[in-house]
There are 2 protein chains.
Amino acid sequence: MEDLFKELDCLKASIDEAMEAAVSGYRCDVPLIREAMAYSTEGGKRLRGAIVLSTYKSLGGNGDAMPFALAIEMIQAYSLVHDDLPCMDDADMRRGRPACHKKFGEAMGVLAGDALLTLAFETACTSDLPPYRVVEGIRALAYGAGAAGMVGGQVLDLQPEMSNDRIDEATPADPAGQSDPAERVRLMYRLKTGRLFETAARLGAILAGAPDKIVRRAGDAGMSFGVAFQILDDIEDASQGGTEDQKATLPATISLEKAREEAIMGLQRCQELCRQFAGPDYLLGRLAAHYLVSKLG
Amino acid sequence: MEDLFKELDCLKASIDEAMEAAVSGYRCDVPLIREAMAYSTEGGKRLRGAIVLSTYKSLGGNGDAMPFALAIEMIQAYSLVHDDLPCMDDADMRRGRPACHKKFGEAMGVLAGDALLTLAFETACTSDLPPYRVVEGIRALAYGAGAAGMVGGQVLDLQPEMSNDRIDEATPADPAGQSDPAERVRLMYRLKTGRLFETAARLGAILAGAPDKIVRRAGDAGMSFGVAFQILDDIEDASQGGTEDQKATLPATISLEKAREEAIMGLQRCQELCRQFAGPDYLLGRLAAHYLVSKLG
């Protein structure tokens, strides 16, 4: 595990440094918005960015995938800024300091989030990888971040009853699952959290020029990890005295013990997939192993 | 002028049709978000999209620039959705119907805007133009829409005093202008409205593979048009009984008559530039001529 932490720290440090340059060094006539953007991109574990970089390298990429690592971290940062707004989760604090909208005002919270989401795509365009791969990467990023991914998951998270009634009956493989509350929560987890981890691993594979089959497997591994990550987060919240509101979570829906089992299965599946397509040294597989031991052991 | 309206109507109809397919036909598991996105992309004159398409064609482009026309219109649409939020302009109505957040709730207003901004970039990636041009186009689009463009302008618009104190002293060509209220309003107009029209014309030129000099001129023409467009809008508001709040506008700052003169000069400059780089048939130049006669004649 020592080595895993060292690698994560190293990736985080390089992402932090590049992020500082990309945001604080961004040329614009309104320093206030840049300040709010910089504030909102500080901190964070940079897990998604680290998965982009390590997947890229593990699959033989030898160029610079950093613009996409920054882009996915900017998207993660903007989603937290908007999520903390009064009309959303209404959170005053984030990572131990005032949320963006508490420090800069609510309108600036909306605009700083918008500007970060936009900067994510501008930053991705600075990549010097082959343009067709950059386009494919931007497309995957937007797909994972938007209505079919993270934003769609946030809709389900915020308005469970309202949206559940209106989930597309034609889309899921198992339409019967739609009336099952646990299936609803699982879909919310897949979209809200799973999709961006899936996207991180997919991005690394796409940018490295991996064949479609590997891109899909990398995505599956990221999705399994992301969903387990969200389950663990909700288990932790539940064991620390319950969630603050009436939000639907998997532990609350199918019991803590069964949710634990699903997290274990997801991490094992992630490990297995990672071993298949990238070998034992690949960061995501080792991360899954670490979570299995430290959080579920 | 007959011909101009016919051309505009025709471009609008093709953009409307493609928009409907791109948004209502978007595959995602949460129909509610798609519904809010479709609602927010209906209506509108599609001027920015029409400028993308017509600039592209005028400069010899013979492929499909529609994905970028849709992208800029999605960005225009998202900016209105976020602008109408209670913490921003707090507008209940938009284009004669309830604003997105009044119909779908405030959280959905935030999320539908986020999803549209994200879909803009995903849609741009569907272009079948050469990938290096697509990347250059996406970069120009993000630059124009973000902190250095539209979003930056909205910060200045919403918090004039707060942000004016903090405008970057190093950036503008005329630092003395920073303490001049009219210069502040002009910067706000350039960023908030001018930049997206500039981007529309630049996009058409970039996608057509025009040389840098032409891309710059097209951008200048779009900027001149966009700023004049905003001045005319504020003049109209002022003559219809004044603006609803204490927002800084050019008519209020330098007088109605002087603002009129600036709008005339901007439209004339736009016409002149358009004639130089694209000839007399180019839509943007004819649009400027039309505004000169119909709104300022």
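## Chain B and the rotation axis

P131(B) is the residue of chain B that comes closest to the rotation axis, its C-alpha lying at 2.7 Å. The model is predicted: local features need pLDDT of at least 70 and side-chain atom pairs count only at pLDDT 80 or more, whereas totals for chains, interfaces and linings use all residues. Residues are numbered from 1 along each chain as its sequence is written, and chains are lettered from A and ligands numbered from 1 in the order in which they are written.

Chain B is superposed on chain A by a rotation of 180° with 0.0 Å of shift along the axis, at an RMSD of 0.0 Å (least squares on the C-alpha atoms of residues with pLDDT of at least 70 in both). This is the relation of a two-fold axis.

## Chain A overall

Chain A has 14 helices and 2 strands (DSSP runs, numbered from the N terminus: H or I of at least four residues for helices, E of at least two for strands). Its C-alpha trace spans about 50 × 45 × 40 Å along the principal axes.

Of the 297 residues in chain A, 58% are buried (20 or more other C-beta atoms within 10 Å of the residue's own, with C-beta atoms placed from the backbone).

## Helix α3 of chain B

Helix α3 of chain B covers residues 47–58 and reaches 16 Å from its first C-alpha to its last. In α3(B), 11 of the 12 residues are buried, among them L47(B), R48(B) and Y56(B). After α3(B) comes G60(B), with a positive phi near 95°.

Conventions:
The expected span of a helix is 1.5 Å times one less than its number of residues.
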